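Dear colleague,

I am handing over the structure below, and I would be glad if you kept it open while reading the notes that follow it.

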Amino acid sequence: MASAPSLDEQDYVRGGATQTAVKILVVGHFAVGKTTLIGSISEIEPLSTEETMTQAAESVDDLKGVQGKTTTTVAMDFGRLTISDRVVLYLFGTPGQQRFVQMWEDMARGALGALVLVDPERLADSFPVIDLIEQYGLDYAIAVNHFDGAPLRDERALREALDLLDDTPVVTCDARDEKSSAAALTTLVRYLLDRTR
């Protein structure tokens, strides 16, 4: 059996600058906008494992506040974003339902950090997500996905409700908007860089 071809240094070079691949998780509870955020910002056609929700899923997944939801992620989402000549983000979106939590451990391996999407109308759903990210030892930023018609929340009240450390970044974003999603990821990357200095 032939061995796989080896990759040399040139395979990781674009425009003469060596690139660093950075694995970032995009996490959050069910129906918070993870697939939407990755789709809005990925420079490649994102891999999405969205499937139509069945009646069986409706009895398991809490659709309160998201009654119009017809699809759900059943494995993961994947996208890529080049943020400089030297840094490329590989975005891995996790499914939000509790039954998929075992996948998170594998996805967390090798990740530098996580962007935690939060719905301010369903903050309690974010507690298990934040607990898992902290259990895996990942640094993270909170991105409050601002849904149409929802009132803006006070950052201090959000921090207190989510029991965040003082230095944990909190930003408001619209996961449908490329610039807004990019700003949320930029906040996370800056935070991660500060943590490694």
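Glu121 is partly exposed in this predicted model, its relative accessible area being 45%, and its side chain forms a salt bridge with Arg153 in which the closest N and O atoms are 2.4 Å apart. Because Glu121 lies in the loop between β7 (113–118) and α4 (127–135), while Arg153 lies in the loop between β8 and α5 (155–162), the pair ties together parts that are 32 residues apart in sequence. Arg153 also counts as partly exposed, at 40% relative accessibility.

This pair belongs to a set of 9 salt bridges in the structure. Another of them joins Arg122 and Asp125, with the closest N and O atoms 4.0 Å apart; here Arg122 counts as buried, at 10% relative accessibility, whereas Asp125, at 34%, counts as partly exposed. A further salt bridge brings together the side chains of Asp139 and Arg195, at 3.1 Å from N to O. Since Asp139 lies in strand β8 and Arg195 in helix α6 (residues 178–196), this pair ties together parts that are 56 residues apart in sequence. Asp139 is partly exposed at 24% relative accessibility, and Arg195 is partly exposed as well, with a relative accessible area of 44%. Salt bridges that share partners also join Asp119, Arg122 and Asp125 into one network.

Which charged residue is buried yet has no salt bridge? That is Lys34, for which the nearest side chain of opposite charge, Asp77, is 6.9 Å away. A polar atom of the Lys34 side chain does, however, lie 2.8 Å from the backbone oxygen of His29. Lys34 has its place in helix α1, which covers residues 34–41, and the buried residues of this helix are Lys34, Leu37, Ile38, Ser40 and Ile41. Seen down the axis of α1, these buried residues fall within an arc of 165°, and so they line one face of the helix.

As for confidence, the protein averages a pLDDT of 80, and 74% of the residues score at least 70. Where pLDDT is low, the predicted coordinates should not be read in detail.

Terms used
Residues numbered from 1 in each chain as written. Heavy atoms only, no water. pLDDT = per-residue confidence, 0-100. Helix = DSSP H or I, 4+ residues; strand = E, 2+ residues; numbered from the N terminus. Buried < 20%, exposed > 50% of the residue type's maximum accessible area, 1.4 Å probe, protein only. Lys, Arg positive; Asp, Glu negative; His and termini not counted. Polar contact = N/O pair within 3.5 Å; in protein donor to acceptor, adjacent residues only side chain to side chain. Arc of directions from axis to C-beta.
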